[in-house]
Amino acid sequence: MSTSLDDQRKISASFSIQRQQQQNPLDFLRIICEGAVAGAAAGVVVETALYPIDTIKTRLQAVRGGGKIILKGLYSGLAGNIAGVLPASAIFVGVYEPAKQQLLKSLPENLSALAHLTAGALGGAASSIVRVPTEVVKQRMQTGQFISAPSAVRAIVAKEGFRGLYAGYGSFLLRDLPFDAIQFCIYEQLRMGYKIAAKRDLNDPENAIIGAFAGAFTGAITTPLDVIKTRLMVQGPANQYKGIYDCVGTIMKEEGPSAFLKGIGPRVLWISVGGSIFFGVLENTKQLLAQRRPNQNSISVKLD
């Protein structure tokens with residue numbers, strides 16, 4: 001006795017679902033690994049291409065009053081920074097991608113923005129373990145305090161202890177958690193809306209434009225937080241600022257509110273161009289890795 005075509009399809013679908021459920025743990029691990037590789041690639045490309053703009057931004061923010069900045073040694077600290085950006089970007093995207101997918105599955109469709117905001121903040125918090133010491137060493141080299149990353153690490157630890165590598169950690173989180181959350185939320189939401197309107201996948205230039213806008217907007221509104229972070233990170237053992245509140249009060253008293261917008265031009269330029277490159281490289285790397293996956297054909301059963 002033979003079964004109907006509908007029965008065969010139901011059996012095939014049942015086996016397919018069972019197989020997908022069995023593969024879920026491996027799929028979750030694959031998402032983490034692919035996200036880490038894509039994030040590392042994107043982070044390194046952006047840092048290498050735009051490092052001089054970041055150096056100018058840091059020097060503008062670090063100088064007090066009407067001091068002038070030096071435009072030499074704009075690549076100072078690049079090698080050490082890349083050594084830190086590589087694992088930091090890998091950790092960020094490696095946490096962001098699976099967190100985003102799990103949240104999107106758990107939350108109603110109309111709360112997708114909350115999923116992207118939360119995933120961005122989680123990625124930023126996880127990667128801060130590596131990003132903060134990398135940022136401290138980078139910015140002190142950019143401001144001419146050290147000539148190499150190894151000597152910077154040794155000197156900071158010797159004078160300030162291991163906690164010196166995490167100087168300004170609170171201000172870093174204050175800047176980067178909202179920055180990461182907002183930037184990735186804007187990027188993802190714009191991509192989703194554009195994809196629905198265009199009824200197709202986005203091409204590379206479209207991804208780049210959306211990434212640039214998300215970066216420029218988020219970079220601009222978080223510039224005051226970036227100024228505070230820079231001042232706390234580069235002050236060294238002098239400790240002219242005793243914390244975030246003291247830093248804010250001192251800057252307001254000595255330099256006025258306009259000081260909180262120092263470096264906004266280079267920052268917006270760096271993050272907008274960086275956003276277009278980062279998200280472009282990220283999406284292309286994810287597509288490349290997806291193409292290299294082995295085909296996972298569902299199991300079907302044919303009954304006569």
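Author: Glu283 counts as buried at 8% relative accessibility, where buried means under 20% relative accessible area, exposed over 50% and partly exposed in between, with a 1.4 Å probe and protein chains only. The model is predicted, so local features need pLDDT of at least 70 and side-chain atom pairs pLDDT 80 or more, while totals for chains, interfaces and linings use all residues. Residues are numbered from 1 along each chain as its sequence is written, and side-chain values use heavy atoms, without hydrogens or water.

Glu283 has a partner in Lys286, and their closest N and O atoms are 3.8 Å apart. This is a salt bridge, that is, a side-chain nitrogen of Lys or Arg within 4 Å of a carboxyl oxygen of Asp or Glu. Side chains of opposite charge can pair when their charged atoms come close. Both residues sit in helix α9, 3 residues apart, which is about one turn of the helix. (Helices are DSSP runs of H or I with at least four residues, strands are runs of E with at least two, and both are numbered from the N terminus.)

Lys286 also meets the side chain of Glu97 in a salt bridge, at 2.9 Å from N to O. Here the partners come from separate helices, Glu97 from α2 and Lys286 from α9, so this pair ties together parts that are 189 residues apart in sequence. Glu97 is buried as well, with a relative accessible area of 6%.

A further salt bridge joins the side chains of Glu255 and Arg231, again at 2.9 Å from N to O. Glu255 is in the loop between α8 (244-254) and α9, whereas Arg231 is in helix α7; the two are 24 residues apart, and the pair links distant parts of the chain. Glu255 is buried, with a relative accessible area of 17%, and Arg231 is buried at 2%.

These pairs belong to a total of 20 salt bridges in the structure. They sit in a chain with 9 helices and 0 strands. Buried residues make up 43% of its 304 residues. Among contacts (heavy atoms within 4.5 Å) with a separation of 6 or more, 78% are between residues 24 or more positions apart.

Helices α7 and α9 turn up again around α6: what covers the buried residues of α6 includes α5, α7 (223-234) and α9 (264-291). Among those buried residues are Glu206, Asn207, Ala208 and Ile210. Lys199 is exposed, with a relative accessible area of 75%, and its phi is near 60 degrees, a positive value in a residue other than glycine.

Helix α2, which holds Glu97, has a part in covering another helix. The buried residues of α4 are covered by elements including α2 (78-106) and α3 (112-142). In α4 (residues 149-160), Ala149, Ala152, Ala155 and Ile156 are buried. Down the axis of α4, the buried residues fall within an arc of 125 degrees, so they line one face of the helix; the arc is that of the directions from the helix axis to the C-beta atoms. Arg154 and Ala158 are exposed on the face of α4 turned away from its buried side. Gly161 follows α4, with a positive phi near 80 degrees.

Technical notes: The expected span of a helix is 1.5 Å times one less than its number of residues.
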